[in-house]
Amino acid sequence: MAQSKSIKTILYETIHRNKKSVEQIADEIGISSNYLYRAGLPLEESGVKFPLDYLIPLMKATGNYAILEKIAWICGFLLVKEPKVRIPKTEGTELVADYQDATTLAVRCLKKFLDKPTENHYNEVIEALQLVMTKSAEAKKYCNKHYQGQMELEL
């Protein structure tokens, strides 16, 4: 996610740059399509404020959680979606390899950014670091499930 975008810009993209039509999204979240269309416009272009009560239904209907990521980032929080991990499907060695690939990529991007701090390098390093956090959450969940499975076998 580009950290330089405003919440209103992200809201516009969530509403208007989606696989679903504005009408379909509005129907799913229970507001008029006209209101939803205007809520995505900048306030200067006769846009209206978007009610917070509809934010979660909007994110679920569109599958776009960029607004939540932006709010977390503004408030100084890290946001990582908890992954679904199935032990039989993911082997430990595959998990380790994926995690190692993600961390190696992040270190390369970080070095590139520190050598030459451009906007492109900044976006790359932020994306790579987010991937490491996601892979860390996957590893944590895998370890929890694996440990709980071991505990059940011992009982």
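Buried denotes a relative accessible area under 20%, exposed one over 50% and partly exposed one in between, computed with a 1.4 Å probe on protein chains only. The legends below apply these classes to a predicted model, in which local features need pLDDT of at least 70, side-chain atom pairs count only at pLDDT 80 or more, and totals for chains, interfaces and linings use all residues. Residues are numbered from 1 along each chain as its sequence is written, and side-chain values use heavy atoms, with hydrogens and water left out.

**Figure 1. Salt bridge between Lys 112 and Glu 124.** Lys 112 is partly exposed, at a relative accessible area of 37%, and Glu 124 is likewise partly exposed, at 26%. The closest N and O atoms of the pair are 3.1 Å apart. A salt bridge here is a side-chain nitrogen of Lys or Arg within 4 Å of a carboxyl oxygen of Asp or Glu. Side chains of opposite charge can pair when their charged atoms come close.

**Figure 2. Salt-bridge network of Lys 5, Glu 13 and Arg 17.** Shared partners join these residues into one network. Between Lys 5 and Glu 13 the closest N and O atoms lie 2.9 Å apart, while between Glu 13 and Arg 17 the corresponding distance is 3.5 Å. Glu 13 takes part in both bridges and counts as buried, with 17% relative accessibility. Lys 5 is partly exposed at 30%, whereas Arg 17 is exposed at 58%. The structure holds six salt bridges, among them the two shown in this view.

**Figure 3. Overview of the protein chain and its helices.** The protein chain has seven helices and zero strands, and its pattern along the sequence is α-α-α-α-α-α-α. Helices (H or I, at least four residues) and strands (E, at least two) are DSSP runs, numbered from the N terminus. Of the 155 residues in the protein chain, 26% are buried. Among contacts between residues at least 6 apart in sequence, 59% join residues at least 24 apart; contact means heavy atoms within 4.5 Å.

**Figure 4. Packing of helix H1 (residues 7–16) against helix H5 (residues 66–74).** Two packed helices are described by the angle between their axes and the distance between the axes. The axes of H1 and H5 are 9 Å apart, and the helices pack at an angle of about 165 degrees. Axes are lines fitted to C-alpha atoms, for helices over the stretch in contact, and angles run from 0 to 180 degrees between N-to-C directions. H1 and H5 are therefore roughly antiparallel to each other. In this scheme, angles under 35 degrees count as roughly parallel, over 145 as roughly antiparallel, 65 to 115 as roughly perpendicular and the rest as oblique. H1 passes H5 in a right-handed crossing; a crossing is right-handed if the near helix is turned clockwise from the far one by less than a right angle, and left-handed if anticlockwise. On the H1 side, the contact involves Ile 7, Ile 10, Leu 11 and Thr 14, which meet Ala 66, Ile 67, Lys 70, Ile 71 and Ile 74 of H5. These residues divide into seven nonpolar, one polar and one charged. Ala, Val, Leu, Ile, Met, Phe, Trp, Tyr, Cys and Pro count as nonpolar, Asp, Glu, Lys and Arg as charged, and the others, Gly among them, as polar.

**Figure 5. Crossing of helix H2 (residues 22–29) and helix H4 (residues 55–62).** The two axes come within 9 Å and cross at roughly 130 degrees, which makes H2 oblique to H4. The crossing of H2 past H4 is right-handed. Ile 25, Glu 28 and Ile 29 of H2 make the contact with Pro 57, Leu 58, Ala 61 and Thr 62 of H4. By class, this contact has five nonpolar, one polar and one charged residues.

Figure 6. Leu 55 is located in helix H4 and is buried, with a relative accessible area of 12%. Leu 55 and Tyr 65 are ten residues apart in sequence, and their C-alpha atoms are 9.7 Å apart in space. Just after H5, Gly 76 takes a positive phi of about 85 degrees.
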